[in-house]
Amino acid sequence: MKIQPFAVEQWMNAYETRCRYNLAETCVESLTLAQLLALAGKRESILDELLPLKLTYGAIEGSDRLRDAVAALYATRARHDVMIAHGAIGANSLVYQALVEPGDHVVAIVPNYQQHYSIPESLGARVQKLPLRAADGFMPDLDALRRMVGPDTRLISLSNPNNPTGALLERRQLEELAAIADAVGAYVVCDEVYRGTTQSGDDLTASMADLYERGISTGSMSKAFSLAGLRLGWVVAPAAVLKSAELHRDYNTISVGMLDDHLAAIALEHSDRILARSRAVVRTNLAAVDRWIAAEPAIEYVRPRAGTTALLKYAAALPSREFCIRLLEQTGVLFTPGSALDMEGYVRIGYANNLHAIEAGLELVSGFLRTVAA
Ligand SMILES: Cc1ncc(COP(=O)(O)O)c(C=O)c1O
């Protein structure tokens, strides 16, 4: 099976360990195990739970406790609507393996995490992209979407909140998108790993899986829940889609790690506390980015409404990859080049990591911009 190289992951693999200021990281600053246990009030008692565990494959489909905790993140979904996977990356792969046949028409709202168009393409789909534009605040043009879909459209893919722009579709817009899909009988695959990281409001924003009978939501512990080290994600989908995804899951997953399952369940049972911390991090850190941009004439951006990333438009006559490599070499600051996201002329900042690194790193970026500004 031929597939395009995963540009963002290749960039991160090559440079993530070589930087001093990681402004490419997309997770809300990860929790230590000690922080997680303190937050859940389990520092003293955790070994009593873990030591008796016999390290088998565990519950093949994910423990009931974990699937209940995932289902609780959705207004209308229950345990049997949830399939546990190896990160959202595993969840997304399984969804496309389950849904896409050669010749299918897929509409991908871009930019997005590359899985959402390169996997369908590799499975033989005819992928048409609907680009988000800065002039629209990176919100999708739903009239254009309506014109793109037809009876052969198998699915529409998006991330919400969007990676990399931080744009957010709220309930009304998700409902409109669902109605467009419904008119042609298409599925909507909505990657919601950043759900829970809004800049305003304390409630979880609407999920596609709650709004549409052919709505599929994927999520994980990595981003909003700050626990990427658990490598645990999920699919919430209609029964027929889960059944087909499970067929593939038997071949490439069996089960997720028992310890990951157990710790993820503990974390999700305290999701209120973890998400409150995440909201505090993304809000404090974005305010720091705002202050920097207000004083930095060579950068402009569409302020994100959610998520952990934003696209920065820079005033310098350099391709984004060269910009990022020179920036890294001269200052130790790592961004992600827009070219890895088909967004030339931009760099992506991940602003939900350590605040000190962001403030110190952005100051160095300003110095660098003076040397390359157009
Ligand atoms: C939109 C999106 N989906 C999925 C993933 C993969 O996440 P996970 O760590 O849960 O596999 C990422 C990682 O950057 C992402 O940004």
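On a 1 Å grid over the protein atoms alone, a pocket is an open set of points where a 1.4 Å probe fits, with protein on both sides within 12 Å along at least five of seven lines. A molecule sits in a pocket if more than half of its atoms lie within 2 Å of its grid points. In the present predicted model, the ligand sits in the largest pocket. Local features need pLDDT of at least 70 and side-chain atom pairs count only at pLDDT 80 or more, whereas totals for chains, interfaces and linings use all residues. Residues are numbered from 1 along each chain, and side-chain values use heavy atoms, without hydrogens and water.

Around the ligand there are 14 residues, of which Ala-88, Asp-191, Tyr-194, Ser-220 and Ser-222 come nearest. A residue counts as near if one of its heavy atoms lies within 4 Å. Helix α5 (residues 87-99) supplies four residues, the largest share of this shell; helices are DSSP runs (H or I) of at least four residues, and strands (E) of at least two.

A polar backbone atom of Ala-88 is 2.7 Å from an oxygen atom of the ligand. A nitrogen atom of the ligand lies 2.6 Å from a polar side-chain atom of Asp-191, and a polar side-chain atom of Ser-222 lies 2.6 Å from a ligand oxygen atom. Of the 400 Å² of accessible area that the ligand has on its own, the protein covers 94% (Shrake-Rupley method, 1.4 Å probe).

Ser-226 is located in the loop between β7 (215-220) and β8 (233-236). This residue counts as buried because its relative accessibility is 0%, the cut-off being under 20%.

Terms used: A polar contact is a pair of N or O atoms within 3.5 Å; within protein, one must be able to donate a hydrogen and the other to accept it, and residues adjacent in sequence count only if both atoms are side-chain atoms. On a 1 Å grid over the protein atoms alone, a cavity is a set of points where a 1.4 Å probe fits but cannot get out, and a pocket is an open set with protein on both sides within 12 Å along at least five of seven lines; lining residues have an atom within 4 Å of a point. Buried means under 20% relative accessible area, exposed over 50%, partly exposed in between (1.4 Å probe, protein chains only).
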